[in-house]
Amino acid sequence: MTDVSGLSIGILGGTGDQGKGLARRFALAGLSVVIGSRNAERAQEVAGSIGAGATGAANADVAGGCDIVIVAVPYEGHKALLESLTAELSGKIVVDCVNPLGFDKQGAYALPVEEGSAAQQAAAVLPDSRVVAAFHHVSAVVLMDPAVEKVDLDVLVLGDDREATDTVRALADVIPGVRGIYGGRLRNAHQVEALTANIISVNRRYKAHAGLRVTDI
Ligand SMILES: NC(=O)c1ccc[n+]([C@@H]2O[C@H](COP(=O)([O-])OP(=O)(O)OC[C@H]3O[C@@H](n4cnc5c(N)ncnc54)[C@H](OP(=O)(O)O)[C@@H]3O)[C@@H](O)[C@H]2O)c1
């Protein structure tokens, strides 16, 4: 298994629920974590609130300075943010967890994405980066809950670069209870992103924070 213990993890939009939750779990696992934000001060404040050694910086510094960069911004801001960071993200493993979803009276639904998925949009904008899709179905509430010692779910990891998906699988594995499972090429990211709408429906009906498990592995 790939060793990620020496790698630094940056999170673009790490001031939001998802970024904070992932940052907290990675920092607790002993990894070097940098929260990113459009506002460096906000990033530092949020990093301080997480503790466990997490630090904060402007998104561009996070993108340029970290080994693995997670994109945790709303879909609306996804393309423009990545377009502004192509140089900083060149050669990096970029982990996209963005779910392009709309919400109406019937609940959540998948939005059409011209490139096929948010992850493919990232790959189109960042041809010199190693884009991997992962962490779409992880509940931020669960990640932040100090009462949850083990997070009971698998993380589907998709991408076209075997070494990069192995690295991100190992990153998922550092969260107690979680397994990173290879889930296919990047062209299959759409249904993984879209499945989040179904999970949100499950959560609403059963008042839960549901996760997925892959059996027989
Ligand atoms: N929440 C979950 O449980 C969850 C689970 C799985 C996946 N996701 C995915 O993770 C992503 C983040 O979710 P979230 O709930 O953490 O979202 P969020 O709180 O709404 O946003 C995260 C951060 O993104 C930055 N941001 C907001 N609008 C932006 C824009 N137009 N351009 C650049 N940055 C912007 C903000 O940071 P600054 O203002 O500090 O820059 C914000 O704190 C989403 O794409 C979501 O689909 C979320």
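**Close-up views of a predicted model**

View 1. Arg179 is partly exposed, at 26% relative accessibility, where buried means under 20% relative accessible area, exposed over 50% and partly exposed in between (1.4 Å probe, protein chains only). This is a predicted model in which local features need pLDDT of at least 70 and side-chain atom pairs count only at pLDDT 80 or more, while totals for chains, interfaces and linings use all residues. Residues are numbered from 1 along each chain as its sequence is written, and side-chain values use heavy atoms, with hydrogens and water left out. Arg179 forms a salt bridge with Asp154, their closest N and O atoms lying 2.8 Å apart; the term requires a side-chain nitrogen of Lys or Arg within 4 Å of a carboxyl oxygen of Asp or Glu. Because Arg179 belongs to strand E10 (residues 179-184) and Asp154 to strand E9 (residues 154-159), the pair ties together parts that are 25 residues apart in sequence. Helices (H or I, at least four residues) and strands (E, at least two) are DSSP runs, numbered from the N terminus. Asp154 is buried, with a relative accessible area of 4%. Salt bridges with shared partners join Asp152, Asp154, Arg179 and Arg213 into one network.

View 2. The side chains of Arg169 and Asp166 meet in a salt bridge, at 3.2 Å from N to O. Both residues lie in helix H8 (residues 162-173), three residues apart, which is about one turn of the helix.

View 3. In helix H2 (residues 40-50), the buried residues are Ala43, Val46, Ala47 and Ile50. On the other side of H2, Glu41, Glu45, Gly48 and Ser49 are exposed.
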